Amino acid sequence: MKLKGAKIVTESLINEGVDTVFCYPGGSVLDIFDELYFVQDKIKQVVTCHEQGACHAADAYARISGKVGVVIATSGPGATNLVTGIANAYMDSVPLVAITGNVALSLLGRDSFQEVDIAGVTIPITKHNYIVKDINELGKIISDAFYIAKSGRPGPVLIDIPKNIQQAECEWEPIPVRQVTHRVPDFKKCQSAIDIINSSKKPLIYLGGGSISSEASKEVLEFAQKIDAPVACSMMGLGGFPASHPLYLGMIGMHGHANVAFTSQECDTLIAIGARFSDRVASDRVKFVKGKVVHIDIDNAEINKNVKTSAHIVGDIKTVLNTILPYINESKKPEWIERCQELKKTKVLKETTHSVSPREILRSISRQTPNDQIIATDVGQHQMWTAQTCSFEQPRTFVTSGGLGTMGFGMGAAIGAAIASKKRVVLVTGDGSFHMNFNEVVTAVVQKLPIAVFVFNNNTLGMVRQWQKLFYQRHFSNTTLNRPTNYEYLAKAFGADYLEINDNDEIDQKVKLAITCQKPVIVNCKIGIDDNVLPMIPSGKSAADIIMEMGD
C-alpha cells in the first residue's frame, strides 16, 4: 500500500509493538503528529514540558518495561534538547529510539530556521543514527533502528526525518519484527573461566546492570548459590540479586558499602558479570582487586579495557550462565562466608544524628513499600543514600542515572517508570536536581500518576559541598543555593499535593501519607546541610584509603 512518510512512521511503530511515545510537537514533525492523531487508541502519547523530560521518561519506560523506549521531537532546539537524555541512555545501555524531524532536504546546510545536524551531534552518543534521504528507505530504517537498539549491548538509535520525507509517499508493507537471539559461546572459550571459578576458594561476584537487561537474575542466583559466592552489586546492578539473600553483601564502588571494599581486597577471584569496571567502581585500577578477575560481558570492547582479566567470556549473561552452569562445581565455603559476614558486621559506619535523617526517611520508605516498589532518583547525595539504604529485592525496581550522572533525570524518569509499570513510583531527589526539571511535575499531574516526590532539601548541592570540604579547603563556591522556592505553593500551582517533614518523629506518618496519595505529591524533607555520604573511596584511590568518618 502507498503511504506518506509520516504514516509509515506511525504504522512502523505499531508494527514494532510500540504502545507509548514520549514527545513534544514542533514545526518539523507536524506531519508525524498529524498521523499520531489518528492512532491515539493504539499509541499513548505523553507530551512533557521539555524534550529532555520526554527523553528521560522514554529511557525509564525502557528500563522498567524491558521494551524499546521511544521519544519524538522536532528539529533544531527540540532535537538538541534530547541530547542529554540520549547520552544518558547510551551510558547506561538503555534501548531507545529517538525520532527527530528536520527541515526539508533542499534546505539542509543552508542555516535554515530550526535546522541542526542532529545526526552529526549524536554520533558519539548513539549506537547508530540515520538521516533519511530516500522515502523508500524509511520503513527499513525504522525496523533496523529498533533491532539495533535492543540487540547486543542495548543503546540509543536516532532517526532524523526531513519534512519532505514525512510528506512524500511510497509503497510500504509491514516488516516482520526481528527478535534478538544470542549466540551460545564456544565452550572452549569458556574453559579457562570455568577452571578459575571451580578452583576459587574465596570468590566474589561483582554484579552489574547487564544482568538485569539480560533478564538473568534467576541464573545469577543459581550460580552464586552453586559456588557459595557472596554478591556485590554495582549501582546499576541493584535489584539484580535480592538484597535480603544471605549471600548479598551490598553495593560496590566509591560510595559502596565498606565491607564490600574490604571483601574485594581479600577475595582470590572477582567474577564480574554484566559490569564494566567504571572509574566509580575500580578507581585505582591496579589496586582494585588483588586476586584473579573473570569477566563475563556482552560487549567485547569492555574486556581488558579498564581492568586486566585472567579469563573472560563474551556473550549475553543469561545465555553464558546457562552454558557454563552444568560445568560449575557445586561447593561450600563456610570459612570464606563467615569472614565476609564478619566484615559485614564490623565495617559499619557511625551514624550521625540530625533532626531530619535522610537515611531514616529511606528506611521508612523501604519498610512501608512492597518488594516490587519502583524507586527513581536524581543525582547527588540522595542518590547514594538511596542506593546504600533501600532494599532492592527485584530487578527493574531502581531507576537512576549511573554512567552520565544526570541531575534533572529523576522527574522525567519517574513519569516513564509510572507509565510503564502502571504502579505508584517513589522519586527521591535533591533540591538542586529537582530545580533542574521540576516543570515535569505538571506532566505527572496531567497524566494522573501517583508519584511521591521526596525532595531532600538541604539548600545546597550536597555532593559538591562534600567534595569541597574534603578536597577544596571548605571553599563553598556557588554550592549554597539560597533559593526562596516555596515548595507548597509550587506543588499547589501545578495541582500536586504537598507534605513536609521537619523532624524524625514524623517520618513514618508522612511517608505513609505520601505513598498512599492518589496523585503526585511533593514531600519537602528539610535535611541538614552537612549530612555526608559515607563511606567514600576518593577518586583514583583504593579501599585502603576509604573514608569512614568526617566532620561537618
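I looked up Phe-22 and found that it stands opposite Val-71 in E4. Strand E2 (residues 20–23) runs parallel to strand E4 (residues 69–73), and two bridges join them. Strands here are DSSP runs of E with at least two residues, helices are runs of H or I with at least four residues, and both are numbered from the N terminus.

The model is predicted: local features need pLDDT of at least 70, side-chain atom pairs count only at pLDDT 80 or more, and totals for chains, interfaces and linings use all residues. Residues are numbered from 1 along each chain as its sequence is written, and side-chain values use heavy atoms, with hydrogens and water left out.

Next I traced the sheet. Six strands form an open sheet with parallel pairing, in the order E3-E2-E4-E5-E7-E6 (two strands pair if DSSP finds at least two bridges between them). Strand E3 (44–47) and strand E6 (128–131) are the edge strands, each pairing on one side only. The twist averages 20° from one strand to the next (angles run from 0 to 180 degrees between N-to-C directions, and axes are lines fitted to C-alpha atoms, for helices over the stretch in contact).

Helix H5 (residues 83–91) lies across strand E5 (96–102) and strand E7 (156–162), at about 150° to E7. Helix H7 (residues 138–150) lies across E4, E5, E6 and E7, at about 165° to E7.

Last, I looked at a helix pair. Helix H11 (residues 217–227) and helix H14 (residues 317–324) pack at about 40°, with axes 9 Å apart. Their contact (heavy atoms within 4.5 Å) is made by Glu-219, Val-220 and Phe-223 of H11 and Lys-318, Leu-321, Asn-322 and Ile-324 of H14.
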